[in-house]
Each structure stands twice: as structure tokens, then as C-alpha cells.
Amino acid sequence: MTLSAAENPLFEFLLRQGDNALVLGHRTSEWCGVAPVLEEDIALANMALDLIGQTQLWLGYAGEVEGAGRTADDLAFLREVYDYRNLLMLEVPNGDFGRTQMRQFLFDAFQVPWLTRLQDSTNTRVAEIAAKCLKEALYHLDRSSHTVIALGDGTEESNRRMSDALTFLWPYSGEVFKVDATDHAMAEAGVAPLPSDLHSVWLETVERVLTEACLTLPEGTFAQSGGRTGFRHTEHLGHMLAVMQTLQRSYPGAAW
Amino acid sequence: MTHENEWPLWEVFIRGQHGMSHRHVGSLHAADAEHAIRNARDVYTRRNEGVSIWVVEAKEITASNPSDKGPLFDPARDKVYRHPTFYDIPKEVGKM
Amino acid sequence: MYAQMVKSTGKGVQSRDDMSPEDKAFQDRIDRGEKIEPKDYMPEAYRKTLIRQIGQHAHSEIVGQLPEGNWITRAPTLERKANLLAKVQDEAGHGLYLYCAAETLGVSRDELVEMLHSERMKYSSIFNYPTLTWADMGAVGWLVDGAAIMNQVPLQRTSYGPYARAMVRICKEESFHQRQGYHIMIKMAKEGTADQKRMAQDALNRFWYPALMMFGPSDKDSVHSAQSMAWKIKINTNDELRQKFVDETVPQAEFLGLTIPDENLRWNDETGHYEFSEPDWSEFFEVISGNGPCNAERLSTRRKAWDDGAWVREAMLAHARKSQKRSQAAE
């Protein structure tokens, strides 16, 4: 039915971008109405809205590239767990506000240099989408890094919580740098750089912010993987999709 | 219960697209000035309302006293000669 | 409405003879249509009533995030998810503007939040009803926001400046909310499958009377309402607004092909209005005294969010203070 990653690496690449935005946007939207303070509630909703918008762009283009007539909504709401290509870090539950912010920061610290480079993609659609997403990502990084710094520096309790968040998330944070055939195909075609090329700039940002946040960079280099290849997601994604896809699955063909 | 951890109140001023002055749009809570700017961006520019934000902590604002309203503002009332309509210019002169 | 049954003095409209000279001058300003500003003279009862009313209104926006928030993660398309999230986010914003307006009266937001959590202040009865299907997102936008707008539009002219200005901003932002809800109803009730039509009718059946209750019981004889109207912090009677709501909503339901669950509903040519059944007011009083289907859940969700966030609020402030000290030391 659909082509494999090897047969259509651009489609695979676009799913990775779109699914990251989709899954993180979904998780972020779970904060609506229950954030620590109104101002943060509103800020988190803005973040989620940006990510939902990014999802529409990436998955919309993915559907075109696939050429099977699937829309962004079809891809978002009617795929199975193993068809998702998001990073594991983005699908694990939010945890407390600190963990949500730490995850956002670790992701944003990659997204900003990544989208910056994608603006020079040989694929003009990719370059256009990246340019739009980059503006949003720059603000996200600004906000998440300041929040991580404030919470790391704030009180004994907040420092401990942020430290726990970092310990929990760190093994997931390296997944994006594990390159595979799809990444190489994209690099060779000039569509995208190898994610691993951005590791040092990512690490630089992370180190700088964590230092200011009075947090210690974890030493471990082990990275969980299986999200962006779809080989092995966490158990959490299935639950997330069960919620997210309920209407589309329960009422096939209905328009909303 | 005490409210010692309540963030201070900030007044927010936004300059819109069309070159008008910053205008007071409302208030919000934030831990410090930079945080207030970010919160103002998220709270008060959701509908593309602004290109520039000012914030000032509410307690730093000095306001005129309402009971001084008479002496402060009434004296300007009879200075009608400050307004263009005070001066009759013959029609023949045209628009001025 | 979002502020239901707000108590004022409990003594009816104060007569001019009983007013101090300051209070007379104050009432004259209101009668002339002037706005009262935070530092202006105001009678203590006016201030207290306003705090109750604006506070209740703000709490309603915040608790009101929850029934719709219940469906954000299950929205059926990316666009619907964004629409709904933007709408619920607006409600947080509206709560924020209103708390700020209340703060100009000398009460802090945290104090108000605490009063909500300890049930010393109320929020609108409507948010104690559950949202069970996606059609409820349509019904809530269409009926609940529709009813709210009816109350809020006149409040833009309320006598208290900060409240009126908050309402202007809120009304401007809220104009898409009702349309968003009605659009969902069109998709389901008019263009949808049999299942969707059934969901839409079911949602109307469950939300019709609670929406009518939003305006509060008849207040033509209410001493509180009379004083609030004299102060221009309440503009129309509950019955006037309820009638207006029914008159506008019935044709909208007809367009959708939905049936309003009221056998007594009929157009009266003489009055130029619809006749309709009163909601069950005993249910209303149960809901506002805490026995609605979701009261306990809504409050516990809000309390938990507040308590879980305490460390964040504390830490952000601690960091701000530390950085201020550090920058002072560096100078």
C-alpha cells in the first residue's frame, strides 16, 4: 500500500517533522485550564496552537508527497501507533509543570538551529514551512529557557524538581541525533542537514541554560530510540492516540 | 493564608501596527519585568494587536488625585481659543 | 448570568434621603452616565457588590475552561482542536482581565482565588454540567456563549470604568465563540450522519434548561437587583435577557432542524415574543448550593491545579528576587 521509508524518504522525513509538532502540541494542550497560573495557562495554549498549526503544514505536505490522497487530518487521526514518527521524549506524559518546560526547552534548543538550517533546504516547500515555524520556535525557546532558568534557580524544591525532570528526560533527548538511512537520503538530496551535525550547537545551548539554571548536565550518553523510526514507541503513545483519535475512529467517514 | 508568593501586578501598554502611541491595554501578573513582557506578548497580542510592548509595575505609577479634578482640569475648559473652531475665517479663504 | 444572584445591600435601593452628601454626589455621577474610576469616591456597598460580581464573573471564566477543556484532546480534526483551544484560552484571558478589574477595588487575585476554593464565592451554575459528546462543544458555544454575550454586551456600559473596559475587550474577543459553536452544530445537526444528528439533539436537550438558568431566577422583585441596577452594574433584568435569548435562539434551532425540548414553546403574535416553560428552579438552587452533577469535580480540579502550581509561582518569584539582588550587587 504505502511506500516504505527507503522508497519515499521525503515522506518519512515530513512525518517526523509533523508528528513531533502533533504529539508535543497535543501534550501541551493537556495543560489547558490547569496550569499553575493564568498567565502560564495562556502561554502554554499559544505554544500548543503554534504546534497544531505546524502540524497542519508538515502533515499537509506529507500527504501531498505521499500521493495517496491523505490529508493532514487523515495522517493525524487515522494512523496506527507504529506509523508515528515523533521523538519518544515528546510522547511521554507531561509530568509536572517543570518537566513540561524542561522537555519544551530540550526540544526548542534543537528546533531553532534545525529549522534555521531547513530554511536553506533545496526543497522550497520545506524551506517555506521551516521559515514560518522558526519564528514560533524562537519565541518558544526564549520562553522555555527563561522558565527553566527561573525554576532551576528559584527554590530548593524547584531546583530538585527540575533536576528530576532533567534526569528523567535526558535519556530521551539524544534520540534526535541518531541518524539513519532517511536522514542520509535527506542530507544527500540537500533537503536537510544531518541532525547529528547540530549536536554540538544544541549541547552548547543546553549547557549554557542549565548552568544558569543551577543544574548539572547529566553525564550519560545513552539515548533511547524507536520513536522517529517508529520501531518501538513508549506505551504512552497508544493511550494518547486512543484519546486523540476517538471520534475519527468511532465514526468513520463523518465530517466534523 | 498569606499571599507572599503572589506575583506583582504590571500595567501593559501596546503600540499597534499603525504608528499610534502606546496605549494602556490592561494588566497582568509576572515575577519580574522581562517575565511581564513575555506574559504581555502571550496575553495581549494574541490577535495580532501589537508591534511593541511596554510594561510598568503598577505600584510605580503615580496617578492624579480624583479630588483635584476641578483645579487640574477645569481651568482648561474656558480656553476655547486653543481650538481651531474659535477663529472665524472667511469662506473665500478656503480650507485652513 | 456568569454572575448570578449577586447580593448587594439586601435593603433595596437606598433612597436619596438616606444618602450622605458624598453618596448623593456619587449617585448623581452614575445617573449622568459618568464612569467611576478606582480612586474615585464610592460607597462601601458599591465596592463590595462589585467585587462579588466581578469575582464571580472571573471565576466563571476560569471554571468555564474545564467543561470545554474536557474535549480539547478529543477534538476530531486539527482545525477543530485549534478553534476550541483558542476559545478556551480566551476564557482564561477573560478571567485574567476580570480579576485585574477586581484588583482595582483593593482585593488581590490570590484572595479571590482562595475564596473560590473555599466556596465563599460562586461561579455560574452552567459549568457544573458535564460535556458528554462532541456536540456539547457546539451546544456550549451556541447556547452558553450566546447567553453570556447577551448579558455582557450591555455590561460594556456598566458604571465602573475598569469593569466596563474589561467587558469591551471581552465582547470583542468573544464574538467568534458563539459562531464557533453554531458552526459545529451546523456540521452535525444539518449536514451530519444520523449519529451526529442524534448527538446534536441530545446536547440541546441537556443544555437548553441549564442555559435558561444562566440568567438567574426572575428578579423583578429582587432588592439586590434593584440596587445593582440603580448603580448601573446590572443593566437588564434577568427576565428581559432570558426572553431575548429565547427569541433569538428558537429560529436558530429551527434552522438546524433541532427541537427545543419544551412542549409549551409557542410564538405569541400579540406580544411579539415566544412563550416558553420556566426551568426547574429547584434544580438551579441545588446546583448553586453545590449539588450539581459536576460541582465537586470542577472545584477539586481547580484546587489541585492551584496547589500543584504553588511551587512554580513561588520559584518564579524567588528567582526574580535573586536576580534583582544579583544585579544590584553588580552595580
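Which residues of chain A are linked in a network of salt bridges? They are E12(A), R16(A), R85(A), D180(A), D183(A) and R228(A). A salt bridge here is a side-chain nitrogen of Lys or Arg within 4 Å of a carboxyl oxygen of Asp or Glu.

1. Basis. This is a predicted model, in which local features need pLDDT of at least 70 and side-chain atom pairs count only at pLDDT 80 or more, while totals for chains, interfaces and linings use all residues. Residues are numbered from 1 along each chain as its sequence is written, chains are lettered from A and ligands numbered from 1 in the order in which they are written, and side-chain values use heavy atoms, with hydrogens and water left out.

2. Chains A and C. The contact (heavy atoms within 4.5 Å) takes 49 residues from chain A and 47 residues from chain C. The two chains bury about 4,000 Å² between them, 70% of it on carbon and sulfur atoms; this is the accessible area (1.4 Å probe) lost on putting the two parts together, summed over both.

3. Pairs across that contact. Between chain A and chain C there are three salt bridges. In one of them, E39(A) meets R109(C), at 2.7 Å from N to O.

4. Salt bridges overall. Over all chains the count comes to 47 salt bridges. Another that crosses between chains joins E173(C), in helix α7 of chain C, to R46(B), in the loop between α1 (33-44) and β3 (52-57) of chain B; helices (H or I, at least four residues) and strands (E, at least two) are DSSP runs, numbered from the N terminus. The closest N and O atoms of E173(C) and R46(B) are 3.2 Å apart. E173(C) is buried, with a relative accessible area of 5%, and R46(B) is buried at 18%. Buried means under 20% relative accessible area, exposed over 50%, and partly exposed in between (1.4 Å probe, protein chains only).

5. Helix α8 of chain C. D202(C) and R206(C) lie four residues apart in this helix, about one turn. Their side chains meet in a salt bridge of 2.8 Å, N to O. D202(C) is partly exposed at 30% relative accessibility, and R206(C) is partly exposed at 24%.

6. Helix α10 of chain C. D239(C) and R242(C) lie three residues apart in this helix and form a salt bridge, with their closest N and O atoms 2.9 Å apart. D239(C) is partly exposed at 26% relative accessibility, whereas R242(C) is buried at 1%. After the helix comes G257(C), whose phi is positive, near 75°.
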